[in-house]
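Student: Could we go through this structure together, setting each value against the definition behind the term?

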Amino acid sequence: VCSSDLGILDLERIPADLAAIVRELAEDARPAFAEGGIALEIALPAASLPVEGDPRRLAQAIGELLANARKFTLPGGHVIVRAGAGPGHAWIEIADTGVGIPRAHQARVFQPFFQAEAGLTRRFGGVGLGLALAQRIARAHDGEITFVSEEGRGSTFRLTLPSAAG
């Protein structure tokens, strides 16, 4: 169980395959991307990426990252989902050719209810909880979400988690 400023988060800690979770979510999301006129490329390793955690919560975090990429990528854009491993960790990356995040707003991206675009003329929906929730889930798994973004060129979000022992 993890507590934070967003409340209590119940976690189950079991062996999980991060690549399999990502593959299933990305394939399930493919029709929604296609409907929005967005090309979705899935470039995942054939090998498993073992982590220890709550598969349901990890899927929730990854789902938020995929939804974010879909929401902020305009028709004709492209999203690529990649994954891999490094010493002691596994990672997934979701890169888009979307609107990007203005530099002035980047430090607040993971704050609950934050939205770079405010006011009555907002083009993008949502209440600003998706990235905050995803980051909370990552941290509850001793992981982290980082990103790079350039306004007008897109964003790349990376979820990094400790590899499972063994």
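This is a predicted model: local features need pLDDT of at least 70, side-chain atom pairs count only at pLDDT 80 or more; totals for chains, interfaces and linings use all residues.

Student: What makes F147 and F157 a stacked aromatic pair?

Tutor: Rings of Phe, Tyr and Trp (its six-membered ring) pair if their centres lie within 6.5 Å, and planes under 30 degrees apart count as stacked, over 60 as edge-to-face and the rest as tilted. F147 and F157 are 5.2 Å apart centre to centre with 20 degrees between the planes, so by these cut-offs they pair and are stacked.

Student: Why does the pair tie together parts that are 10 residues apart in sequence?

Tutor: F147 lies in strand β8 (residues 144–150) and F157 in strand β9 (residues 154–162), so the pair links those parts; strands are DSSP runs of E, at least two residues, and helices are runs of H or I, at least four, numbered from the N terminus.

Student: How do you know that R158 lies over the face of W91?

Tutor: The rule asks for NZ of Lys or CZ of Arg within 6 Å of the ring centre and within 35 degrees of the ring normal, and R158 is listed over the face of W91 at 3.9 Å from the ring centre.

Student: What describes two packed helices?

Tutor: They are described by the angle between their axes and the distance between the axes. The axes of α1 (residues 18–35) and α2 (residues 55–72) come within 10 Å and cross at roughly 40 degrees, where axes are lines fitted to C-alpha atoms over the stretch in contact and angles run from 0 to 180 degrees between N-to-C directions.

Methods: Residues are numbered from 1 along each chain as its sequence is written. Side-chain values use heavy atoms; hydrogens and water are left out.
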